[in-house]
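Please keep the sequence and the model side by side while you read.

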2 protein chains.
Amino acid sequence: MSNTQVLFKSEPKGLPTPDNFDIVTVPMPGIEDGQFLLKNYFLSLDPYQRMLMGGGWTYAPRFLAPGDLMIGRVLGEVIETKNADFPVGTHVVGRLGWQTHVVSDGTDLDFIITPKQDVPLSAYLGACGSTGTTAWIGLKITGRAKAGETVLVSAAAGSVGGTVGQLAKAMDCKAIGIAGGPDKCKTVVEDFGFDACVDYKAPDLEAQIRAASPDGVDVYFDNVGGAVLDAAMANMNKFGRIPVCGVLSAYNEEGASYGVKNMHLFFDKSLTMEGFVLNVHKARWPEARAEIEDLIVADRLISRETVAQGIENAPSAFIGMLEGKNVGKQLVKLV
Amino acid sequence: MSNTQVLFKSEPKGLPTPDNFDIVTVPMPGIEDGQFLLKNYFLSLDPYQRMLMGGGWTYAPRFLAPGDLMIGRVLGEVIETKNADFPVGTHVVGRLGWQTHVVSDGTDLDFIITPKQDVPLSAYLGACGSTGTTAWIGLKITGRAKAGETVLVSAAAGSVGGTVGQLAKAMDCKAIGIAGGPDKCKTVVEDFGFDACVDYKAPDLEAQIRAASPDGVDVYFDNVGGAVLDAAMANMNKFGRIPVCGVLSAYNEEGASYGVKNMHLFFDKSLTMEGFVLNVHKARWPEARAEIEDLIVADRLISRETVAQGIENAPSAFIGMLEGKNVGKQLVKLV
C-alpha cells in the first residue's frame, strides 16, 4: 500500500508553475488502535491555497515550508479501521492534504458524510461542503437576509457566489450578481437563476447596480472588496448588512492599494459589515447541509464543477484555476 | 408671556457667522387641552446642527429652510399644564429647538427626567442624556465590550469619546484615547482617567497605538473615520468590533476624499463594524442613564461642560464650538 502526495517545493513568483511542487509516492504506515485508513476520492482546490505559498500573492506571510504537504480539503472513505466510531465504508471530509491516502484518528476531520441519494459524492466538497455552508452562513446568519429583500453578490459566477444567489432565490429574495464579462453574467442569470447580473468590467458599476436594483440593496455578500465594495455600498439601504467572505481584489497590486471611499455610509445608513468565519458557526453546518441537499435533490440548486483526473494533475489544475480556466468548483478526482 | 427663538436665516459658506441666524421674540400662544407649556433651562449645541445648515459642510443636502427654527435638544420644566401626565414641575428633554419656551403635548419628547440628587440638571443633556447614552450603547451593545478587553476611542477629549473611556474603565477594560495635540491628550488621561492617549497630529499613529496597546485592540469606538480608522484597524485583534458613532473626518475636503486601505482586515481578522443608531436601542436608555447617574454620584465619571449664558449668545457659542473652543459638552443656559 502506497500514498501519492503533492508537496510544496518552492515559493512561486506570481502564478505558480509545476516546478513549485513535488509529487512523491511513499509507503503507508500500518494503523494503530484508534486509527483508520482513508482512501481519498476527491481533492478541493481553492484560492486560499495559493496564499499559503507566499511569493507576493497577498499581504500575508508564507505559511508552508519546502517539503510540507500541500494543504487542502479531501473527501475519503474508510478502507481499514481500528476505531469503532469509523467503520469501513464511512465517508468523511477533512483538511487532510493533497494525497491519495491518509491515516487519521478522527480528530482532524470536518465532518462525517451520509451521502444522500441523488446528491453526487463530489458535492460534499462543494455545495454540500464548505462552499455551500459558507454561502448559507454568510447569507442567513451574518447577512440576516429576509424574504422579500434584495441580495447583491460579487464573484457571482464562482462557486460560493453562485450558491449565495440560488439560496437567496430559494428564500424569496431578489438576487443580483456581479461578475466579470458577458459570458459569466449569462451563466449567473441563465444557469443560476439570478434576477440580474451586472458586469464590473463595463463602465459605471454603481449606476449598473442601481438600475438592476432600484429599491436598493439589503445584503451585499462581498467576495472581492475594493472598488466593487464602494459601488455596492453606494446602493445599500438603511440598516444594510455586508458579510465579508473574501477580498479577491486585494490579491493584485492595484486592488491592494485601493482605498474605500464610502466608509461614511456606515454612519449615514447604519450599515453593518462583518468578516465571518465558518468554524464559529459549526453548530449550524448540519442544518445548512440538509437544506442544500434538499434543494439539489429538488433540482432547485446546481453546483457546477470542473474535475481534473488523477493526483499527478493537481498542480496543473490548480494553476488553471488561478488563471480562471475552471467553471464552478475546481476538484481533482484522485482515484 | 413671550418666547425668544433662534431661526435659520441663510446658508453659511464653511464656518457660520452670526448673520446666518435670526433672533426673534414672539408671543406664546395659550395651551389647549392635552398640552403643557415648557420653560427651557438648557440648550445642547452639537456638530450635526451645522450639517443641517448645508453650504458644503458635508455630503448631505441642506435640511433647513430660511425662517425655520434651529433644531436642537433642550431641557425644560413644565410651568403650566392641561395634561395630567405632565404636572407642573415635570422635567423633560426633547428636540424642541433653539427657544426659551415651547408648547408640547408630550409626543415630541425624548424622555421625562427625575433629576437625581448630586447630579447637575445640565448633565441630562450630556452624560445622562444622549451623549452618555450614545457612549453606553456603542460600547456595550454594538461594541460588546467585556471586562479585561482593550477599548480604543477617537475624539477622546470630546463629550462622547470621554464618556466611552470612563465607562470602559468602570467596567474594568483598558481605555486608550486618540486626540489632537498634547493638551487634549493630557485631559484624556488626567481628567478622564484613560490608561493612555495618543496624538493623531504626531507622526505614525499606527505605531503609537501599538505602543500604547501591545496586546491589540478589541473595541474601536470610531468617531472620525478616515486615516485614523486605518491606523486603528491595523491594531485590531481577531473578532474585534468597531461601533461607528460619527465620521468627523468626512466634514473637511481632505478627509472626505480619503480612501480606507485596510478593509482586507475585515476578512483576515473577522472584524465587525456597525453604524449604530440611538433610537433603535430606546429600550436600554433607562438602564444606561441609571448606570451613568450612579457613576457621577460616586465621582467615578465626570462630564465637562462649556456653558454660554442667554439664548442671544447661542449663535456665537455654536460658532465657537465648531472652531473647537469648547471643552466638553457645549450648552447654552437659556434662563
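In chain A, the axes of helix 2 (residues 130-142) and helix 3 (residues 159-170) come within 8 Å and cross at roughly 50°, where axes are lines fitted to C-alpha atoms, for helices over the stretch in contact, and angles run from 0 to 180 degrees between N-to-C directions. Helices (H or I, at least four residues) and strands (E, at least two) are DSSP runs, numbered from the N terminus. This is a predicted model, in which local features need pLDDT of at least 70 and side-chain atom pairs count only at pLDDT 80 or more, while totals for chains, interfaces and linings use all residues. Residues are numbered from 1 along each chain as its sequence is written, and chains are lettered from A and ligands numbered from 1 in the order in which they are written.

Helix 2 of chain A and helix 3 of chain A are therefore oblique to each other, given that angles under 35 degrees count as roughly parallel, over 145 as roughly antiparallel, 65 to 115 as roughly perpendicular and the rest as oblique. To their contact helix 2 of chain A brings Thr131(A), Gly132(A), Thr134(A), Ala135(A), Trp136(A), Gly138(A) and Leu139(A), and helix 3 of chain A brings residues including Val160(A), Thr163(A) and Leu167(A); two residues are in contact if their C-beta atoms, placed from the backbone, lie within 7 Å. By class, this contact holds seven nonpolar, six polar and no charged residues (Ala, Val, Leu, Ile, Met, Phe, Trp, Tyr, Cys and Pro count as nonpolar, Asp, Glu, Lys and Arg as charged, and the others, Gly among them, as polar).

Chain A as a whole is divided into domain 1 (2-126 + 304-333) and domain 2 (130-278), with bounds that come from an automatic or database domain assignment. The C-alpha centres of domain 1 of chain A and domain 2 of chain A lie 29 Å apart.

Turning to the two chains together, 24 residues of chain A are in contact with 23 residues of chain B. On the side of chain A that touches chain B, strand 13 (272-275) and helix 8 (265-268) each supply at least two residues, and strand 13 of chain A gives the most, with four. The residues on that side of chain A divide into 14 nonpolar, seven polar and three charged.

Strand 13 of chain A runs antiparallel to strand 13 (residues 272-275) of chain B, and three bridges join them; two strands pair if DSSP finds at least two bridges between them. Across this pairing, Glu274(A) stands opposite Thr272(B). Both strands belong to an open sheet of 12 strands with mixed pairing, in the order 10(A)-9(A)-8(A)-11(A)-12(A)-13(A)-13(B)-12(B)-11(B)-8(B)-9(B)-10(B). Strand 10 (196-199) of chain A and strand 10 (196-199) of chain B stand at the edges, each with a single partner strand, so one side of each is left without a neighbour in the sheet. From one strand to the next, the twist averages 15°.

Which strands does helix 4 (residues 182-191) of chain A lie across? Helix 4 of chain A lies across strand 9 (174-179) and strand 10 of chain A, running at about 165° to strand 10 of chain A. In chain B, strand 9 (residues 174-179) and strand 10 pair in the parallel sense over four bridges, and Gly177(B) has Cys197(B) in strand 10 of chain B as its bridge partner.
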